[in-house]
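This report looks at charged pairs and at one helix. Keep the sequence and the 3D view at hand while reading.

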Amino acid sequence: MRWLAVLDGRPLSNKELKKLVTSNVSRANPWTLVNKLIVQLMTTAAMREIEIATLVVSDFISASGELNELFIIDDERAYNGRERPILFSNDDLKHSIEQYITLLKAEQVLTSPLNSYLGLCPTALFIVNPETFKPFGVQKRGTKAGGAVNYAPYTLNRHVDGLIANAGLSDIGIKRKSLTRLYVIEAFKSDITIKDICLTSGLSVDTIKKVLAMDLEQYSPLVQWWDNRERAKDARIKRMKRVRQWTFRD
């Protein structure tokens, strides 16, 4: 299966995901935690670059200081212009968020004189560039029909491309979209239904099925996936029925 390596935009394998993270996180520089957090938001929460770049503190933290396990990304920020629920339920992702908040507070970045929102400014862009210590934000990209300004996350796009290249994965078929495709595959293997994956990822049923058919990394026969694709169709994620919060551990 040597051809697998050149399938453009293919999903990462778990081994490649580990390499992507370890190649871009250094104990000597605590701010490289941001690199891990970005990767986790894409692979465990199906977030796109434009969405990550526009996240604000209040998307993660409530006024009382609890951390949101679910929030609704509005249609203005959603990559496809359609609001959808975003789940921060992955334990490793939650741990990284807690570490990142601790780092922001310790370094006095995005802080506020008030005690609410754990002492951070609720409207501040949450994800900070570890090289400039400023939010990635979005950049102008011409105008839309009607004259409205169009924006794109060029800075974050380049940063993620750099993470992939630094891990030596860019020449073997791994692109930014590979991270979201891994989310689809891992969600399906966790017995999340295709309908719910559609809801949390913003992808169509046809797109999800095509991504699942690309799951060659696990080398399981395609027919096995096909026979079992509806296996969990009656299952539902209880967490999606309510907003859950977890207590921040400083």
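A residue counts as buried when its relative accessible area is under 20%, as exposed when that area is over 50%, and as partly exposed in between. The model is predicted. Arg176, at 24% relative accessibility, is therefore partly exposed, whereas Glu49 is buried at 12%.

**Salt bridges**

Side chains of opposite charge can pair when their charged atoms come close. The structure holds 7 salt bridges. Three of them are listed here, including the bridge between Arg176 and Glu49.

| Pair | N to O distance |
|---|---|
| Arg176 and Glu49 | 2.5 Å |
| Glu51 and Arg84 | 2.6 Å |
| Arg77 and Asp74 | 3.0 Å |

Arg176 lies in helix H7 and Glu49 in helix H3, 127 residues apart, and the pair links distant parts of the chain. Together with Asp161, these two residues, Glu49 and Arg176, make up a network of salt bridges.

Glu51 is in helix H3 and Arg84 in strand S3, so this bridge ties together parts that are 33 residues apart in sequence. Glu51 is buried, with a relative accessible area of 0%, and Arg84 is buried at 3%. In the remaining pair of the table, Arg77 is buried at 16%, while Asp74 is partly exposed at 27%.

**Helix H1**

Which residues of helix H1 are buried? They are Glu16, Leu17, Leu20 and Val21. These residues lie on the same side of H1, because they cover an arc of only 140 degrees around its axis. The face turned away from that buried side carries the exposed residues Lys15 and Lys18. Helices H2, H6 and H7 are among the elements that cover the buried residues of H1.

Definitions and conventions
Residues are numbered from 1 along each chain as its sequence is written. This is a predicted model: local features need pLDDT of at least 70, side-chain atom pairs count only at pLDDT 80 or more; totals for chains, interfaces and linings use all residues. Side-chain values use heavy atoms; hydrogens and water are left out. Buried means under 20% relative accessible area, exposed over 50%, partly exposed in between (1.4 Å probe, protein chains only). Helices (H or I, at least four residues) and strands (E, at least two) are DSSP runs, numbered from the N terminus. The arc is that of the directions from the helix axis to the C-beta atoms. Contact means heavy atoms within 4.5 Å. A salt bridge is a side-chain nitrogen of Lys or Arg within 4 Å of a carboxyl oxygen of Asp or Glu.
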